[in-house]
Amino acid sequence: MGILITDTTLRDAHQSLIATRMRTRDMLPIAAELDKAGFFSLEVWGGATFDACIRFLNEDPWERLRSLRQKIKNTPLQMLLRGQNLVGYRHYADDVLREFIRLSVKNGIEVFRVFDALNDIRNLELAIKVAKGYKAHVQGTICYTTSPVHTTEKFAGMARDLESLGCDSVCVKDMAGLISPVVASELIKAIKGRVTIPVNLHSHCSSGMAPLSYHAAALAGVDIVDTAFSAFGWGTSQPPTESIVAAFKGTPYDTGLDLELLYEIGEYFAALCGKYRVLFTAETTRPSVNVLLHQVPGGMLSNLVSQLREQNALDRFSEVLAEVPRVRADLGYPPLVTPTSQLVGIQAVLNVLAGERYKQVTQEVKEYLLGKYGRPPAEFNMEVRKQVIGDEPAIDVRPADLIKPELEKFQNEGRKLGIIHQEEDVVTYALYPQVAVKFLRGELKEEAMPSQAELAPKTPAAPDLPMEFSVDVDGEMFNVKVSSVMGKAIEVEKPAKPKELPPGAVVAPMQGMVLAVKVKPGDVVRERDTLMTIEAMKMQNQIVAPHAGVVKEIFTFQGEVVNAGDILLVMEASD
Ligand code: MN
């Protein structure tokens with residue numbers, strides 16, 4: 001039998017290339033043709049697609065699913081599920097997971113590809129069990145990465161575990177496009193030797209090797225590969241559907257798909273490309289072997305650049321890139337994928353900018369070191385752990401075991417807010433409490449496509465005034481935009497700060513927004529007590545008392561954007 005194809009054009013492809021901005025109205029005209037092509041499945045839904053719908057596009061993600069289902073009657077619709085994180089950024093309670101999967105099935109999902117960023121199987125078990133309960137096809141996923149502790153044997157063992165849990169197939173998810181042809185061959189052979197279920201290889205062209213690796217995987221016995229139509233393929237996206245199908249034509253791996261029909265569909269997407277052309281960038285459309293040197297996946301790389309630019313420290317970029325693998329080693333070699341990619345990347349930035357490793361640590365990294373994301377692939381660096389959280393013991397249970405049922409709470413809140421119009425809205429609200437309210441109230445406007453002029457390099461009116469922030473509150477991201485009126489920069493009024501640093505001054509270690517001020521003048525604090533929280537680079541950073549003492553005066557307020565070195569408050573040391 002030939003090779004099966006999962007087409008990702010409606011999910012991963014536009015997520016990887018144009019920040020997940022493809023609209024449903026651009027998917028529907030080609031949906032019936034996609035259905036005719038004969039793919040194993042169509043990947044159409046996932047975390048970023050859900051998020052972008054309610055944050056930027058003013059689209060109901062559930063409605064997108066229903067309308068695709070109406071036109072796609074024969075091909076299974078597939079989603080990417082972040083295990084216990086579902087389509088969000090934190091671990092949710094089990095009752096939210098059950099309801100989310102029930103409604104995903106109800107609205108048309110038939111294939112669940114389930115992964116966990118740490119490959120911690122405990123974070124996958126319930127999702128697999130619940131989806132199996134609905135007779136869905138469950139694809140257990142192995143996040144591929146390289147490190148001294150990631151061996152072919154370990155990956156193959158995980159594949160075996162996934163089959164034991166009842167998975168219908170297993171996927172090797174190479175999100176950064178790192179897998180080489182030789183490794184792909186070795187890994188697929190090893191997995192095929194351990195399981196009886198079909199094996200899928202998912203890769204990206206980020207390093208340029210993926211088409212070769214697919215060929216090597218085919219020779220090694222892979223059953224399914226992921227591709228995207230050529231106009232939305234290559235670069236940081238998947239290998240092109242048409243080319244892969246053509247390459248296997250007339251071989252034992254022949255996909256059996258009709259190249260002429262694929263060509264027609266490809267023409268539709270090529271035309272659609274024009275509409276979104278302003279969103280394509282050189283960084284995402286070209287492969288770069290650099291990814292193999294530092295292993296930083298494409299999406300994270302562009303994140304790091306923009307975050308360093310925000311901190312006015314782009315000249316430290318190569319130092320940060322060198323620091324990423326060291327932080328990853330300290331944290332026990334997690335694969336870099338949402339949310340661990342963000343965690344590791346930002347800590348590397350902080351380590352470089354603070355001039356001292358782990359002097360400044362995000363809340364997320366502290367929780368990670370407490371085991372609240374799951375079990376890392378290798379031991380933490382215990383010296384780093386001690387420096388960051390002292391002797392506090394790590395949890396040794398599945399993280400979601402510590403989360404109480406929360407669906408009813410969201411149901412009640414949502415009803416009170418008057419935002420529940422269909423049962424799916426409760427889940428949308430539970431997953432994204434901040435972002436969802438505006439959307440469910442009908443107050444969100446569809447983001448306009450930026451014009452060429454807007455994308456041209458800017459000469460800002462106020463060069464050091466940040467214009468857009470992503471604020472993270474309890475794991476929920478929301479965007480705050482500062483817009484200028486008639487091209488004029490906004491004057492931000494700041495409290496008068498002393499020109500020279502007084503004794504006892506506590507200064508901002510980085511540029512960011514003050515999320516919370518936890519003390520007031522006169523408060524007595526102990527060494528390492530939290531004084532305030534600054535949100536920077538999408539992570540929360542606690543500013544702690546350098547010594548015991550009394551708070552004398554505060555020079556900032558909640559919501560203020562501070563620069564590195566700005567004075568935040570003055571403390572008087574107690575003896
Ligand atoms: Mn991917």
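In this predicted model, the side chains of Glu446 and Arg25 form a salt bridge with an N to O distance of 2.8 Å, where a salt bridge denotes a side-chain nitrogen of Lys or Arg within 4 Å of a carboxyl oxygen of Asp or Glu. The pair connects distant parts of the chain: Glu446 lies in the loop between α21 (433-440) and α22 (452-455), Arg25 belongs to helix α2 (residues 24-36), and 421 residues separate the two. Helices (H or I, at least four residues) and strands (E, at least two) are DSSP runs, numbered from the N terminus. Glu446 is partly exposed at 34% relative accessibility, and Arg25 is partly exposed at 48%. Here buried means under 20% relative accessible area, exposed means over 50%, and partly exposed lies in between (1.4 Å probe, protein chains only).

Residues are numbered from 1 along each chain as its sequence is written, and side-chain values use heavy atoms, with hydrogens and water left out. Because the model is predicted, local features need pLDDT of at least 70 and side-chain atom pairs count only at pLDDT 80 or more, whereas totals for chains, interfaces and linings use all residues.

A second bridge joins Arg11 and Glu43, at 3.0 Å from N to O. Arg11 sits in helix α1 (residues 9-18) and Glu43 in strand β2 (residues 41-45), so that this pair, too, links distant parts of the chain, 32 residues apart. Both partners count as buried: Arg11 has a relative accessibility of 3%, and Glu43 has one of 0%.

A further salt bridge is formed by Arg316 and Glu319, whose closest N and O atoms are 2.8 Å apart. Arg316 is partly exposed, with a relative accessible area of 25%, as is Glu319, with 37%. Salt bridges also link Asp60, Glu63, Arg66, Glu99, Arg102, Lys106, Glu423 and Glu424 in a network. The count of salt bridges comes to 35.

The metal site follows. The manganese ion is coordinated by OD of Asp12 and by NE2 of His202 and of His204, at 2.1 to 2.2 Å. Donors are N, O and S atoms within 2.8 Å of the metal (3.2 Å for Na, K and Ca); water is not among the atoms, so sites may look incomplete. The spacing of the donor residues in sequence is D-x189-H-x1-H. His202 is buried, at 0% relative accessible area, and His204 is likewise buried, at 4%.

Two helices illustrate how residues are covered. In helix α9 (residues 210-219), the buried residues include Ala210, Ser213, Tyr214, Ala216, Ala217 and Ala218. Among the elements that cover the buried residues of α9 are α8 (181-194), β7 (199-202), β8 (224-227) and α10 (241-248). Helix α21 is mostly covered, with six of its eight residues buried, namely Pro433, Val435, Ala436, Val437, Phe439 and Leu440. Just after α21, Gly442 has a positive phi of about 80°.

The domain assignment, which is automatic or taken from a database, divides the chain into domain 1 (4-284) and domain 2 (495-573). The centres of domain 1 and domain 2, taken over C-alpha atoms, are separated by 45 Å.

Strand pairing is described next; two strands pair if DSSP finds at least two bridges between them. Strand β13 (residues 524-525) and strand β16 (residues 549-554) run antiparallel and are joined by two bridges, with Val525 opposite Gly549 in β16. β16 also pairs with strand β18 (residues 567-573) in the antiparallel sense, over five bridges. In that pairing Glu553 stands opposite Val570 in β18.

Confidence in the prediction is expressed as pLDDT, the predictor's confidence in each residue, from 0 to 100. The chain averages a pLDDT of 89, and 91% of the residues score at least 70. Over residues 457-467 the pLDDT is below 50, and this stretch has 12 contacts in the model beyond near neighbours in sequence, a contact being defined by heavy atoms within 4.5 Å. The pLDDT is also under 50 over residues 480-493, for which the model has 19 contacts beyond four places in sequence.
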